[in-house]
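Thank you all for coming. I would like to walk through one structure with you, starting from the whole chain and then moving to some of its loops.

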Amino acid sequence: MAKIIGEALPGIPWQDAPEQNLRTPLWRYAQNPIIGRDGNAVSNSVFNSAVVPFGDGFAGVFRCDSLSISMDLFAGFSKDGIHWEIEDTPIHLTGEEEEITKREYRYDPRVCKLEDKYVVTWCNGYHGPTIGMAWTTDFKTFHQTENAFLPYNRNGVLFPRKIGGEYMMMSRPSDTGHTAFGDIFVSRSKDLVYWGKHRFMMGTVKEDASAWQSLKVGPGPVPIETDEGWLLIYHGVILTCNGYVYRMGAALLDLEEPWRVLCRSKNYILAPQELYECVGDVPNVTFPCAALSDADTGRIAVYYGCADTVTGLAFTTADRLIAYIRENAL
Ligand code: BMA
């Protein structure tokens with residue numbers, strides 16, 4: 001039995017797996033989507049968002065695109081992780097340098113509990129996309145710090161503790177547009193400000209081996225620590241005659257040197273197949289940005305954006321997911 005190393009979360013959202021044989025290790029919440037387009041008073045769409053346990057419930061940072069399709073981040077709170085109250089005004093960011101805090105656009109947040117703070121990373125417009133960072137303790141005031149990397153970059157995802165004495169962050173270098181390439185790298189920092197020692201972690205796969213991840217891959221939720229390695233859920237993209245299709249995969253990373261991939265799935269773990277994943281502002285996208293986990297039961301709840309429009313929830317266990325990666329390894 002694979003064991004999650006971390007805290008118990010008895011209130012994790014959960015539904016048991018459906019009776020019939022599952023082809024993949026994830027199953028969807030029966031009442032999906034959990035957040036619709038109109039998740040707050042000003043949203044055109046709510047998706048690619050991040051949640052964490054907070055107080056006696058949950059808090060999150062949500063990507064809400066507006067009716068003018070400008071992208072910004074909004075705080076939200078929930079008692080059960082399923083029903084969310086999302087604020088109607090964007091998160092309040094404070095910081096020392098206006099050069100850094102002025103807003104172009106903000107999207108695809110991740111939230112990582114790191115020591116006594118919640119650190120938010122997101123795709124931040126600064127003469128092109130790069131990785132913005134801020135920390136909070138109350139989800140009311142967010143203290144913005146330096147962008148982690150030079151443009152162009154997306155999908156900055158922190159590890160939830162120091163490894164070998166340093167903080168680590170995955171990212172996916174990109175371009176200014178709808179990047180037609182993408183591999184995952186890991187960078188290290190002693191202070192969450194200066195990042196270096198960049199290492200290649202994993203890249204795309206040839207079409208004849210695993211076509212769903214042949215165009216680009218990017219990290220999803222903050223990785224989950226297990227006794228068998230860091231469990232990483234990621235997105236993989238294929239270019240089809242109708243454009244990009246985003247599916248989800250999973251990998252196990254070495255605990256001490258997480259750029260070393262121990263095992264990686266050849267088959268996807270979830271793909272756009274339900275109507276709300278296939279139809280929306282951007283069809284055929286399932287894009288994971290957060291996962292809750294319960295060390296006592298091994299349960300995992302994954303939050304993912306559906307068709308760039310609404311937010312879905314899916315479940316698995318560490319054991320089931322790791323067994324699937326091993327049985328269907330690349
Ligand atoms: C990426 C980002 C994501 C989005 C995806 C699919 O470039 O914009 O937010 O989910 O494309 O449209």
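How many of the 330 residues of the protein, as a percentage, count as buried? The figure is 58%, where buried means under 20% relative accessible area, exposed means over 50%, and partly exposed lies in between, with a 1.4 Å probe and protein chains only. Before going on, please keep in mind that this is a predicted model, in which local features need pLDDT of at least 70 and side-chain atom pairs count only at pLDDT 80 or more, while totals for chains, interfaces and linings use all residues. Residues are numbered from 1 along each chain as its sequence is written, and side-chain values use heavy atoms, with hydrogens and water left out.

The secondary structure comes to four helices and 22 strands, and these are DSSP runs numbered from the N terminus, helices being H or I with at least four residues and strands being E with at least two. The radius of gyration is 18 Å, close to the 20 Å that the globule rule gives for 330 residues, so the protein is as compact as a globular protein of that length; the radius is taken over C-alpha atoms, and the rule is 2.2 Å times the number of residues to the power 0.38. Along its principal axes, the C-alpha trace spans about 50 × 45 × 40 Å.

Let me turn to the strands, where two of them pair if DSSP finds at least two bridges between them. An open, antiparallel sheet is formed by four strands in the order 1-22-21-20. Strand 1 (27-28) and strand 20 (286-293) are at its edges with a single partner strand each, so one side of each has no neighbour in the sheet. Strand 20 is joined to strand 21 (residues 299-306) by seven bridges, and Ala 291 has Val 302 in strand 21 as its bridge partner.

Elsewhere, strand 13 and strand 14 form a hairpin with six residues between them, and in that turn Leu 192 has a positive phi of about 65 degrees.

Finally, which residues in the loops deserve a look? Ile 69, in the loop between strand 3 (57-66) and strand 4 (71-78), has a positive phi near 55 degrees and is partly exposed, with a relative accessible area of 48%. Phe 139, in the loop between strand 9 (129-136) and strand 10, also has a positive phi, near 60 degrees, yet Phe 139 is buried, with a relative accessible area of 0%. A cis peptide bond joins Pro 151 and Tyr 152, with omega about 10 degrees.
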